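Hi,

Here is the structure I promised to pass on. Have a look at it before you read on.

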Amino acid sequence: MARWQGGASDRLKEAALTLFQTRGYDGTTVAEIAAAAGVTERTFFRHFADKREVLFFDQTSFENAFLAALPPSGTDPMRLVAAVLDGAATLFGEDRRAWSRARQSIIAANAALQERELLKLSLLAVSLTRALTERGIDPISAALAAETAVTVFRTTFAAWIADGEDRPFAEVQAEVLSRLQALL
């Protein structure tokens, strides 16, 4: 194994994704992921707590992408949500679509991973609710707006990774938000 070779985290993610697709999530070990990435198990554990976290890396950065787009002022919860969603859309460029599709197929095949995905989105809703409340939005409106943002994001993500979809994430998201507004 090459020592001090950069990009270990990215190599581990790619190796894990490939192994999960070919052997299944439960049929893949950390040792196999590390070997495929050309690193030791110790290096694996420096980057990830366990093999599940390869698919759910960096919850803080995920949440911060949403929170960073929150305007410093404003009292209309849905306008704030729209701004948050626009900011978060920047995370999902065309270069991430294939990886996201593969990741989601792995998650869909494993109940424990589905649970972890729901936890990730639930934590996002809690963070958004807190941020909206801190901006003076009443707690019930803040919670409804935050849950709406998560629902729009989740629906957009599912549509964006669907077979045959080739529109940019932001365009799909604008359509989903528009459909929600039409329903209301």
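Predicted model: local features only at pLDDT ≥ 70, side-chain atom pairs only at ≥ 80, totals over all residues.

Residues are numbered from 1 along each chain as its sequence is written, and side-chain values use heavy atoms, with hydrogens and water left out.

The chain has nine helices and zero strands (DSSP runs numbered from the N terminus, H or I of at least four residues for helices, E of at least two for strands). Its C-alpha trace spans about 55 × 35 × 30 Å along the principal axes. Of the 184 residues, 42% are buried (under 20% relative accessible area with a 1.4 Å probe, protein chains only; exposed is over 50%, partly exposed in between).

Now the helix pair. Helix α8 (residues 139–160) and helix α9 (residues 169–183) have axes that come within 9 Å and cross at roughly 130° (axes are lines fitted to C-alpha atoms, for helices over the stretch in contact, with angles from 0 to 180 degrees between N-to-C directions). That makes α8 oblique to α9, as under 35 degrees is roughly parallel, over 145 roughly antiparallel, 65 to 115 roughly perpendicular and the rest oblique. Residues that meet here include Phe153, Phe157 and Trp160 in α8, and Phe169, Val172 and Leu180 in α9 (contact means heavy atoms within 4.5 Å). The residues of this contact divide into ten nonpolar, four polar and no charged (Ala, Val, Leu, Ile, Met, Phe, Trp, Tyr, Cys and Pro are nonpolar, Asp, Glu, Lys and Arg charged, the others, Gly among them, polar).

On to the rings: the structure holds 14 aromatic pairs (Phe, Tyr or Trp rings, the six-membered one for Trp, with centres within 6.5 Å; planes under 30 degrees apart are stacked, over 60 edge-to-face, the rest tilted). Phe92 and Phe157 sit 5.7 Å apart by ring centres with planes at 70°, so they are edge-to-face. Phe92 lies in the loop between α5 (77–89) and α6 (97–108), 65 residues from Phe157 in helix α8. Both Phe92 and Phe157 are buried.

Phe92 also pairs edge-to-face with Trp160, at 5.9 Å centre to centre and 75° between the planes. This pair ties together parts 68 residues apart in sequence. Trp160 is buried at 0% relative accessibility. Phe62, Phe66, Phe92, Phe153, Phe157, Trp160 and Phe169 form one aromatic cluster.

Cheers
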